[in-house]
Amino acid sequence: MKQSLFESRHQAEWEQFALMLGRLERGKDASGIASFPNDYRRICHHLALARERGYSSFLIDSLQQQVLRGHQQLYRHRSRLGANVLSFILADFPRLVREQWRFVLAASLIFFGSLIGFALLVYLFPELIYNLIPAEQVSEMQSMYDPAAGHLGRLADRAASEDWVMFGYYIMHNIGIAFQTFASGLLFGLGSAFFLFYNGLMIGAVAGHLTHIGYGQTFWSFVIGHGAFELSAIALAGAAGLQLGWALIAPGRLPRAEALQLAARKSVLLICGVMLFLLIAAFIEAYWSSRTGLTPLTKYLVGAALWCLVATYLLFAGRTRHAPE
Amino acid sequence: MLKTTALPGKATLAPPLDTRYHVETPEGIDLPLRPAGLMVRALAFAIDLGLRGVILGLLFIMLAFLGKLGAGLGSILLFVVSWWYMVLFEVLNQGRSPGKQWMGLRVVHDDGTPIGWSASLLRNLLRFVDMLPFGYFLGAISCLQHPTFKRLGDLAAGTLVIYREQPLTRPQLPDVPPRRAAFALTLTEQRAILGFAERQGELSEARANELASILAQPLQVSKPQARAELNGIARGLLGPT
């Protein structure tokens, strides 16, 4: 068959298909969408014929463009994140955490190990703090948690109206740290391990120092509430990063690139959960932890309850088979 | 007659000179995609960076009038713009951030499908590693050595930055009487002749004649007539319009 005959015979069909593609790409719900897969396969068929019969490049290229656009519409990946947020929160995320328990354990050991270790070290050998943290920062920390100041948090003179400011600041700062901890895991996990260790060191050193100089009450009552979400989120971000690194170190039977892609697909889900945790943490930190009218005992109790909540959530949510759906 | 050199049975094909990347669809069609190289991507990124700077600048000026509330909103906005700008544009605007749109690029999955939330989030979070230790050093190295120019984030997320398809215009063939070739044409020969006929408009007159005159002898015509002869054969192949 001559090319011109072929073209004139199918021109109308192609134009129809192009219109349908345009509608689909603009996201309008198209009528006659049921016939789309069929039409698409016909265009594929035409393209194969055109190639086989040696038709001109213009025809082949334009058919190729249509097939590419059709392919993008027909085979587009359905996003699993947007559609089922609820089941992700109620079941999928804690399940994922439990499934990756090796990485979560490793990351928690590095992070909490360095946190507790340095807290004890600084508490026992107080001069050590000046080797770990610059002196100006130490004095800044001290003024923040000075019991005499009457206010808590980053700024000594903050007022209730600043809660909102701090909320924004915490989101920006903490999620930034979590993202860093995760992303640097691509360097064979070394980056994540470093950030976990480093953040543990900083937090631990500050905690040990403040406890040693007698600001323990203000400090611990401030951090215990949001710490439940914040610290576990950092550890989980680190776990996601370690998972990336491990896929590169020990890819198993897959090529490294494939193993990395598989690990990345799971770790990005972890990161979504981490973001959620950090949003909650920022909210608690800005609106609950910084309240000064309450007795420390209340804060400790609420803090302990929050830790239990996080632990229960991660350990037990989504265990039953049909629970969230 | 033209001879196409046939490859011996099991010889591996030499890697092609161009950088096209073929996606095989479930229908058995090979779709060629054209991955974008380092330079054009760097330019696109520079545009995006500039644009983000402008957006933040304007927002901060506006928020400065709001006082405390503005400061809080400001840091949330800083967060959104620095971490989510790319993700939002890529997912909601068919894989094109403004810089990429400007440079005629788009991001797709490895299989040619539009990029989704998780892949986009991943490739943009891992940008942090690409930037290490300074100025996209690792990303540039990875991009330069990879056959389809992927940076580390693209490798992990399974994404590809490609040139967007540009709309095609139908080439005009010169109006000559259709002819039949003096001998049977193979498929490659047929496509070569059609290719010449369609693309001669992009060449200078002299160059088109020069190319055509190479074929004067096998076509059994004089050199000045070779071009008209080729166009005639192409007309004949296309059929009556």
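## A strand pair in chain B

How many bridges join strand β1 of chain B to strand β2 of chain B? There are 4 bridges, and the two strands run antiparallel. The structure is a predicted model. Strand β1 covers residues 21-24 of chain B, and strand β2 covers residues 30-33.

β1(B) and β2(B) form a hairpin, with 5 residues between them. Gly28(B) sits in the turn and has a positive phi of about 85°. Across the pair, Val23(B) stands opposite Leu31(B) in β2(B).

## Fold and dimensions of chain A

Chain A has 13 helices and 0 strands. From the N terminus on, its element order is α-α-α-α-α-α-α-α-α-α-α-α-α.

Chain A has 325 residues and a radius of gyration of 28 Å. The C-alpha trace of chain A spans about 90 × 45 × 45 Å along its principal axes.

In chain A, 42% of the 325 residues count as buried. Take the contacts in chain A between residues at least 6 apart in sequence: 79% of them join residues at least 24 apart.

## Where chain A meets chain B

The contact draws on both chains: 51 residues come from chain A and 48 residues from chain B. On the side of chain A that touches chain B, six helices each supply at least two residues: α1 (3-25), α2 (36-52), α3 (57-74), α4 (80-83), α9 (163-183) and α12 (256-289). Which element gives the largest share of that side? The helix is α9(A), with 12 residues.

By residue class, the side of chain A that touches chain B holds 27 nonpolar, 18 polar and 6 charged residues.

## A closer look at Glu140(A)

Glu140(A) lies in helix α8 of chain A, which covers residues 135-144. Why does Glu140(A) count as partly exposed? It has 14 C-beta neighbours inside 10 Å. A residue needs 20 or more to be buried and 12 or fewer to be exposed, so a count in between is partly exposed.

Glu140(A) and Ile280(A) are 140 residues apart along the chain. Their C-alpha atoms are separated by 26 Å.

Notes: Residues are numbered from 1 along each chain as its sequence is written. Chains are lettered from A and ligands numbered from 1 in the order in which they are written. This is a predicted model: local features need pLDDT of at least 70, side-chain atom pairs count only at pLDDT 80 or more; totals for chains, interfaces and linings use all residues. Two residues are in contact if their C-beta atoms, placed from the backbone, lie within 7 Å. Ala, Val, Leu, Ile, Met, Phe, Trp, Tyr, Cys and Pro count as nonpolar, Asp, Glu, Lys and Arg as charged, and the others, Gly among them, as polar. The radius of gyration is taken over C-alpha atoms; the globule rule is 2.2 Å times the number of residues to the power 0.38. Two strands pair if DSSP finds at least two bridges between them.
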